[in-house]
Each structure stands twice: as C-alpha cells, then as structure tokens.
Amino acid sequence: EIHQREYLVNGEMRPWNGEVSEVYSPVMIPAADGSLQRKLIGTYPVCTETEATEAMEAALQAYDNGRGEWPTMSVAGRIKCMERFVYKMSEQRTLVVKLLMWEIGKSYADSIKEFDRTIEYINATIDALKDIDRQSSRFEMAEGLVAQIRRSPLGVVLCMGPFNYPLNETFTTLIPALIMGNTVLFKPPKHGTLLHYPLLEAFKDAFPKGVVNTVYGRGAVVTPGLMATGKINVLAFIGSSKVANDLKKRHPKVNRLRAVLSLDAKNAAIVTKHADIGLAVSECLLGALSFNGQRCTAIKIIFVHKDVAEEFTRQLSAAVEALKPGLPWTDGVKLTPLPEPHKPDYLKEVIDDAAAGGAKVINPHGGITSGSFVFPAVVYPVNEGMRLYHEEQFGPVIPVVPYESIEEPIAYQINSPHGMQVSIFSNDAKEVSSLIDPFVNLVSRVNINTQCQRGPDVFPFTGRKDSAEGTLSVHDALRAFSLRSLVAGKLN
Ligand code: G3H
C-alpha cells in the first residue's frame with residue numbers, strides 16, 4: 001500500500017495531515033464472507049481550495065509575468081532540466097508500471113507501453129523544440145523590417161489528464177507546456193493518482209521551484225475556484241466534455257483563456273460489402289476492446305452493410321470469445337477489471353435497453369459480470385432508437401448496426417455531437433475515395449482499413465464539434481502551449 005502524505009508546491013514536498021482519500025483497486029479479492037471486494041491500495045491527500053490556491057500562487061510567482069527564471073531560461077537550459085527529469089523518471093519505471101496495473105487495471109503489456117510511450121514522447125518533444133529553436137534563430141525580412149520570430153510561453157497552465165492514460169495523456173500536455181517556458185499545476189485523475197507520487201521527487205529535482213506544482217483533492221471542489229480567479233492562462237484538460245465546459249465557464253474572461261481539450265467521442269467503423277471481413281474484424285476488435293474499450297479513440301459503434309452484417313458479427317463474436325480475461329499481470333491477458341465502480345451497472349443498463357428494442361448479445365459470454373469485470377458483449381442489430389446508438393459507452397460493449405444505404409452512417413456522423421475519428425473498411429478503391437470526402441470534414445481523422453487511434457504521436461490529434469479544442473501531437477502541442485511572437489526592427 002502507498003500512503004501519500006505530502007504534495008509538491010513551490011519546489012517543496014509539503015506534509016499533509018488533513019483528510020485523505022482511499023484508493024481501491026479494480027482488482028478484487030475475496031473477503032472473509034467470500035464476497036469479492038476491491039482491494040485498498042493506498043491513500044492520497046484531499047487538499048482544499050486553500051492548498052490549490054497556494055499551488056496556483058506558486059506557479060504565478062515562478063512565472064512572474066514572464067520574467068521568472070523558467071520563462072526566461074534559454075531553450076538549452078530548459079532542455080537540460082527536461083533531460084534530468086527523464087533520467088529521474090526512468091528510475092521509477094517498475095513502480096509506476098505496477099501502480100498502473102493496480103490503480104486502473106491496465107494489463108502489464110499496456111502499462112509498460114504507456115510508460116515507455118511517455119518517455120519516447122518526452123524525448124521527441126525535446127527534439128521538436130530543438131527544431132523550433134533552430135527556426136527561431138533565423139531572421140525574417142519584410143518591407144524593410146527585420147524580425148526574429150519566437151515561440152513564447154503563455155503563463156500558468158492547469159493540466160488534468162484522464163483515468164485511462166493517467167500518465168501518458170497527462171504528460172502529453174504537461175511536458176510541452178513546461179518545456180515551452182510555462183509554469184504548471186497539475187491534478188492527477190481520480191483513478192490514477194498514486195502512480196504520480198513516485199514522480200514528484202523527479203519534478204522537484206529537475207525543475208526550478210514553483211515551475212511544477214500539484215493540486216490534489218476532489219476536482220469539483222478544487223478546480224472551479226482556480227478557474228474563477230481568472231489567473232489560469234491555459235486549461236489543458238483531457239476527459240469529459242461536460243467537465244471541460246463547466247471549467248471553462250468559470251473563467252471570468254473566457255476570451256483570455258486558451259483551452260487545449262480532448263473530450264468525448266463516439267467513433268464509428270463502417271464495414272462496406274466490399275470489405276475484407278477478416279481484416280475488418282481484427283481491426284474492429286482492437287479498436288473496440290483495447291483497454292476494455294476505455295479509450296476516447298475506441299471504435300464505439302460499427303455500421304456493417306446488411307449483406308455482410310451477419311457474417312461480420314459471427315466472426316467478431318468468435319474473436320471476442322477468444323480474448324483472454326484475467327488480472328492485469330496475467331500473461332497474454334486482453335480483458336481486465338474496470339476501474340470505474342459504476343461501469344458494470346451502466347453497461348448492463350445499455351445492454352438491457354438494446355435488448356428491450358429487439359437486439360441480442362451475440363457472443364455466449366457477452367455481458368457476464370463478476371465484480372469489476374465485464375466480459376465484452378457484441379450487441380446486434382442495434383438501431384437509432386437504442387441508447388447504444390448514441391451514448392459513449394466507454395467500456396466493453398460493441399454495438400453493431402446493419403445498414404442498407406451508406407447515407408445512414410453519414411447521417412449518423414452529421415447528427416452526432418462528436419467528431420473525432422472514423423474507420424472505413426473496403427477493398428474497393430473507388431468506394432474508399434468516394435467515402436473520404438463525406439467524412440473528412442465531419443471528423444478529424446479518417447482511417448482506411450485500420451482501427452481508430454491517436455498515434456503515432458507525430459500525427460495531429462484533435463477532434464471536431466464537442467470532441468476537442470486545439471491540437472495535440474509532439475509538434476502541435478509545442479504550438480498549443482506557446483505564442484508565435486516576434487521582435488522586429490528597422491534596418492539602418
Ligand atoms: O483515450 C484517448 C486516448 O487519446 C487514446 O489513445 O488511441 O493511443 O489509445 P490511443
């Protein structure tokens with residue numbers, strides 16, 4: 001068990017003797033009465049608005065209206081600090097990976113992937129900054145003026161990441177925000193808090209005081225007040241659209257706030273009658289069920305042409321049944337327990353709703369629940385009248401919709417409040433090109449014969465409508481957390 005009794009503010013680990021929150025693992029163990037119980041794995045501080053405000057004041061002071069040590073430090077100096085951080089962070093790999101498994105139930109292979117991807121992301125960010133710096137050392141000339149175009153920091157950034165990538169996605173905003181010379185405060189997600197604890201020393205050691213500060217506690221209590229001060233310059237939030245909008249609205253001058261947001265999504269796969277069914281099944285399986293479907297980029301609804309719908313559904317069900325369930329550290333495990341306690345009941349509700357409308361769970365184990373574990377369900381035939389057609393299930397349920405005309409999935413995307421990604425499966429090149437245009441201006445990424453996903457991290461990652469604001473990727477994030485400013489003068 002890890003009992004965290006301190007938090008990082010203004011370069012020091014402040015002791016905490018107040019209220020703490022208990023962390024229960026999605027991994028369940030049998031209790032004395034034989035029932036399954038979530039295992040207690042630690043506690044962390046439930047700080048109040050007072051400590052959150054202190055964290056923000058520390059960040060403001062370190063920024064000092066752009067005159068602080070960090071925002072004025074040379075790029076080479078900032079890179080040196082970041083390299084020191086990577087070195088110190090790497091020392092914590094084993095513990096952080098273990099906590100990823102225990103806190104959010106991510107498999108060992110995926111937990112390793114999350115940690116290593118984050119280190120690679122930081123190293124790529126350092127290289128990208130070197131590129132930007134080379135460009136800034138050039139002079140531009142126009143109309144008798146000579147100018148040096150720079151990338152300047154924006155101020156204080158509040159970073160909040162999601163439970164499904166508590167390390168990686170928190171760092172896809174935190175790291176670029178930092179390296180561009182901003183000062184930051186970050187609040188770890190509720191599920192996935194403890195795993196940040198071993199990294200606090202690395203932040204403390206690598207960066208000047210006040211550059212990185214933590215906000216612990218209940219999000220709904222500590223973050224709205226911070227926004228209401230109007231002193232947060234950038235809100236970097238990955239999570240639900242509702243929370244992001246509530247937070248944005250708190251800022252007294254929303255036009256002075258830059259928001260970098262990655263939010264809700266309901267990505268569709270479209271399998272036409274010209275698709276390679278085997279390929280579509282294996283890609284949809286990965287897309288819909290990696291980390292139990294708990295990804296913003298997951299495929300959350302599949303439209304299949306009616307001529308191939310039954311065959312597709314049959315093969316998909318067989319593939320789902322072959323996936324190995326188990327504890328996160330089990331070899332080859334693909335299905336693991338779910339961290340959100342309400343999720344099993346919610347998934348049952350949407351499956352029951354579809355059943356009431358005439359759909360069936362096709363695979364024999366689909367929907368079977370044991371404690372925090374839900375075996376994935378392939379639900380067919382789903383239609384517009386069902387909740388699964390509209391709601392982002394963010395879990396292991398795959399709605400399959402048979403369609404007659406391609407106008408149905410197009411209308412679905414037009415009417416959807418979301419616009420992140422789509423995957424089109426077809427082996428007919430003409431058909432594929434005729435489908436790119438209707439979708440490319442409705443979502444931010446069209447995938448052909450492959451699953452939806454964020455990576456590779458050099459590709460822009462964003463969304464339309466309620467799915468995102470701003471763009472992330474190694475290069476885009478450096479732009480998102482800086483301003484293209486210039487120093488210009490007349491040539492004598
Ligand atoms: O949950 C949203 C993540 O951005 C998904 O990332 O596609 O690399 O799994 P991923």
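Which residues have the most contacts inside the largest nonpolar core? In this predicted model, they are Ala-59, Ala-177, Val-184, Ile-302, Val-378, Val-379 and Val-400.

**View 1. The largest nonpolar core holds 136 residues.** Helix H1 gives the most to this core, with 8 residues. Ala-59, which lies in H1 and is buried, is among the core residues with the most contacts. Nonpolar side chains tend to be buried together in soluble globular proteins.

**View 2. Helix H1 spans residues 49-63.** H1 has 15 residues. From first C-alpha to last, the helix reaches 21 Å, close to the 21 Å expected at 1.5 Å a residue. Its buried residues are Glu-51, Ala-52, Ala-55, Met-56, Ala-58, Ala-59, Leu-60, Ala-62 and Tyr-63. Residues three or four places apart in an α-helix point the same way, because there are 3.6 residues a turn. What covers the buried residues of H1? The cover includes strands S2 (6-9), S8 (156-160), S9 (183-187) and S10 (212-214), along with helix H7 (219-228). Asp-64 follows H1 and has a positive phi, near 50°.

**View 3. Ala-177 has contacts from several parts of the chain.** Ala-177 is one of the core residues with the most contacts. Which residues does Ala-177 touch, leaving aside neighbours within four places in sequence? The contacts are Val-157, Cys-159, Asn-182, Val-184, Val-234, Ala-236 and Phe-481. Val-184, one of these contacts, is also listed among the core residues with the most contacts.

**View 4. Strands S11 and S12 belong to a right-handed β-α-β unit.** Helix H8 (residues 241-250) is the helix of this unit. S11 (residues 234-238) and S12 (residues 258-262) run parallel, joined by 5 bridges. Phe-237 stands opposite Leu-261 in S12. S12 is also joined to strand S24 (residues 468-469). Here the strands run antiparallel, with 2 bridges. Ser-262 has Ala-468 of S24 as its bridge partner.

**View 5. Strands S2 and S3 form a hairpin.** The two strands run antiparallel and are joined by 4 bridges. S3 covers residues 12-15. Leu-8 stands opposite Met-13 in S3. How many residues lie between the strands of the hairpin? There are 2, and Asn-10 takes a positive phi near 50°.

**View 6. Three strands make an open sheet in the order S1-S5-S4.** The pairing is mixed. S1 (2-3) and S4 (20-30) are the edge strands, and each pairs on one side only. S1 and S5 (residues 36-45) pair in the parallel sense over 2 bridges. Ile-2 has Gly-42 of S5 as its bridge partner.

**View 7. Seven strands make an open sheet in the order S15-S18-S19-S14-S13-S21-S22.** The pairing is mixed here. S15 (360-361) and S22 (445-448) stand at the edges with a single partner strand each, so one side of each has no neighbour in the sheet. S18 (residues 377-380) and S19 (residues 397-403) run parallel and share 3 bridges. Val-379 stands opposite Pro-399 in S19. Val-379 is also one of the core residues with the most contacts.

**View 8. Residues 37-482 carry a UniProt annotation.** The unreviewed entry gives this span as "domain: Aldehyde dehydrogenase". The span is 42% helix and 20% strand. Its end C-alpha atoms lie 46 Å apart.

Methods:
Residues are numbered from 1 along each chain as its sequence is written. This is a predicted model: local features need pLDDT of at least 70, side-chain atom pairs count only at pLDDT 80 or more; totals for chains, interfaces and linings use all residues. The expected span of a helix is 1.5 Å times one less than its number of residues. A residue is buried if 20 or more other C-beta atoms lie within 10 Å of its own, exposed if 12 or fewer, and partly exposed in between; C-beta atoms are placed from the backbone. Two residues are in contact if their C-beta atoms, placed from the backbone, lie within 7 Å. Two strands pair if DSSP finds at least two bridges between them. A crossover is right-handed if, with the strands pointing away from the viewer, the path from the first strand over the helix to the second runs clockwise. UniProt positions are given in the numbering used here, feature names are shortened, and annotations may be inferred rather than shown by experiment. A nonpolar core is a set of buried Ala, Val, Leu, Ile, Met, Phe, Trp, Tyr and Cys residues joined through C-beta atoms within 7 Å.
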